[in-house]
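Please keep the sequence and the structure in view while reading.

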Amino acid sequence: MLSVSVFIFALMVMKTGAGPLAPMIRSSLSVDSPLSALGFGWLSANVTLSGSPVAATALTFLDAQVLSVKETFAMIAGSRLGAAMLVLLVGFIYVLRGKQRDLSLNVGLLSLLVTQTIYAPVLLLGFFILSRGWLSAWQVKTAHGLQAPFQLFFDPFIQRLQTALPDWAVLLLGFLLVIFSLWLFDRVIPNFRLDESGAGMIQRMLYRPVVTFIIGAAVTVLTMSVSVSLGLLVPLSVRGYVRRENVIPYILGANITTFIDTLIAAALLVNPVGVSVVLVQMFSVGIVSLVILTLLFRPYLHVIERLVEFIGQNRLFLIIYVSLIIILPFLFVILG
């Protein structure tokens, strides 16, 4: 209950701090197009190593009319591109600990490459739906009166924050509170130990792509964080629970249900358009993932594995790749 209350309060604080900063975000930070919003979300998630707070920030920007619908869609997509960076970091940590260098590093590369490759068609499909004016078909009616109790309780605290802090500090405080609330969520989630839960009995089932797809989706729902669910891939792979070819379905499943917490954030903001944007994002990711899983899995697996081997086995190529995924968001913000 405490984590939920902190989460709601954080969203309201961010919404309050975002409104007055609209000119700075659009001019100084150059977030004034879908491409720049994509880069801004990607860059922010790279820095925080988490996509959920960045996606929640995008929704508060939409609610405060700082971002347009397409820009919000792009920023949320960018947050997912950056969230997978955590898996690569975990892989590096396992390498430093001497834990099967190739396997640890390759799982991190897989997570990044799968997310990055599916989001090109996801963005195209999502922008197509939004540009065709179909957003009204996804519109969800909400009762604005539901937010009144939260406003009555939290408004006095938010007004004091507005008086005591500059607008940018209010927005930053809200963002940090979102991170803290998600940390609280993680603390109340039970720590499953697969080696003590009879996982050996179902190890054969994990070789089936559909099963690992469902597990990836389910684990992300339980943890409310794609960073956490994808971060589990490295230790699971090192221990032999998940083979590399079945990591891809797991990631595809996780990338669909990762939007549950973002959907909750949109609902808590009582913003029907925000809810619709998240639903379009989930639909787009789901369609692209299911097409890959059912029609293109073998050729897609072959291409991704070749890319992983190409990047992972050469230190220079690895440095170039990591540099690109850090530099590209900057370029999108500047050139967008």
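## Basis of the report

The structure is a predicted model. Every value in the text was computed from that model.

## The helices α4 and α5

Two packed helices are described by the angle between their axes and the distance between the axes. Helix α4 covers residues 52-63, and its axis comes within 8 Å of that of α5, with a crossing angle of roughly 170 degrees. Angles over 145 degrees count as roughly antiparallel, and α4 and α5 are therefore roughly antiparallel to each other. On the α4 side, the contact is made by Ser52, Val54, Ala55, Thr57, Ala58, Leu59, Phe61 and Leu62. On the α5 side, Val69, Thr72, Met75, Ile76, Ser79 and Arg80 take part.

The loop between α4 and α5 contains Gln65. Most residues other than glycine have a negative phi. Gln65, however, has a positive phi, near 60 degrees. With a relative accessibility of 70%, Gln65 counts as exposed.

## Aromatic pairs

How many aromatic pairs does the structure hold? There are three, and two of them are described here. A pair of aromatic rings is described by the distance of the centres and the angle of the planes.

In the pair of Trp42 and Phe332, the ring centres are 6.1 Å apart and the planes stand at 50 degrees, so the pair is tilted. Trp42 belongs to helix α3 (residues 34-48) and Phe332 to helix α17 (residues 315-335), so this pair ties together parts that are 290 residues apart in sequence. Trp42 counts as buried because its relative accessibility is 6%. The pair of Phe73 and Phe127 has ring centres 5.6 Å apart and planes at 55 degrees, so this pair is tilted too. Phe73 is in helix α5 (residues 69-83) and Phe127 in helix α7 (residues 101-131); the pair links distant parts of the chain, 54 residues apart. Phe73 is buried, at 0% relative accessibility, whereas Phe127 is partly exposed, at 23%.

## Buried polar side chains

Phe73 also takes part in a contact through its backbone: its backbone oxygen lies 3.2 Å from a polar atom of the Gln281 side chain. Gln281 is part of helix α15 (residues 272-295). Is Gln281 buried or exposed? At 0% relative accessibility, Gln281 is buried. Leaving out residues up to four places away in sequence, Gln281 touches Phe73, Ile76, Ala77, Tyr119 and Phe259.

Arg80 lies in helix α5. This arginine is buried, with a relative accessible area of 2%. Its side chain is joined to that of Thr258 by a polar contact of 3.3 Å.

In soluble globular proteins, nonpolar side chains tend to be buried together. The largest nonpolar core of this model has 67 residues, and Ile118 and Ile248 touch the most other members. Helix α7 gives the most to this core, with 12 residues. Leaving aside neighbours within four places in sequence, Ile118 is in contact with Leu252, Asn255, Val285, Val288, Ser289, Ile292 and Tyr300. Apart from this core lies another, of eight residues, among them Phe9, Ala10, Val170 and Leu177.

Phe9 lies in helix α1 (residues 2-18). Phe9 is buried, with a relative accessibility of 17%. Not counting residues up to four places away in sequence, Phe9 touches Phe154, Phe157, Ile158, Leu161 and Leu177. Phe9 and Ile158 are separated by 149 residues in sequence, yet their C-alpha atoms are 8.7 Å apart in space.

## The enclosed helix α13

Why is helix α13 described as largely enclosed by the rest of the structure? In this helix (residues 247-257), 11 of the 11 residues are buried, so α13 is largely enclosed. The buried residues of α13 include Ile248, Pro249, Tyr250, Leu252 and Asn255.

Tyr250 can also be compared in position with Val211. These two residues are 39 residues apart in sequence, and their C-alpha atoms are 8.4 Å apart in space. Val211 lies in helix α10 (residues 209-223) and is buried, with a relative accessible area of 18%.

Definitions and conventions. Residues numbered from 1 in each chain as written. Predicted model: local features only at pLDDT ≥ 70, side-chain atom pairs only at ≥ 80, totals over all residues. Heavy atoms only, no water. Phe/Tyr/Trp six-rings, centres within 6.5 Å; stacked < 30°, edge-to-face > 60°. Helix = DSSP H or I, 4+ residues; strand = E, 2+ residues; numbered from the N terminus. Buried < 20%, exposed > 50% of the residue type's maximum accessible area, 1.4 Å probe, protein only. Polar contact = N/O pair within 3.5 Å; in protein donor to acceptor, adjacent residues only side chain to side chain. Core = buried A, V, L, I, M, F, W, Y, C linked by side-chain atoms within 4.5 Å. Contact = heavy atoms within 4.5 Å. Axes fitted to C-alpha atoms, helices over the stretch in contact; angles between N-to-C directions. Parallel < 35°, antiparallel > 145°, perpendicular 65-115°, else oblique.
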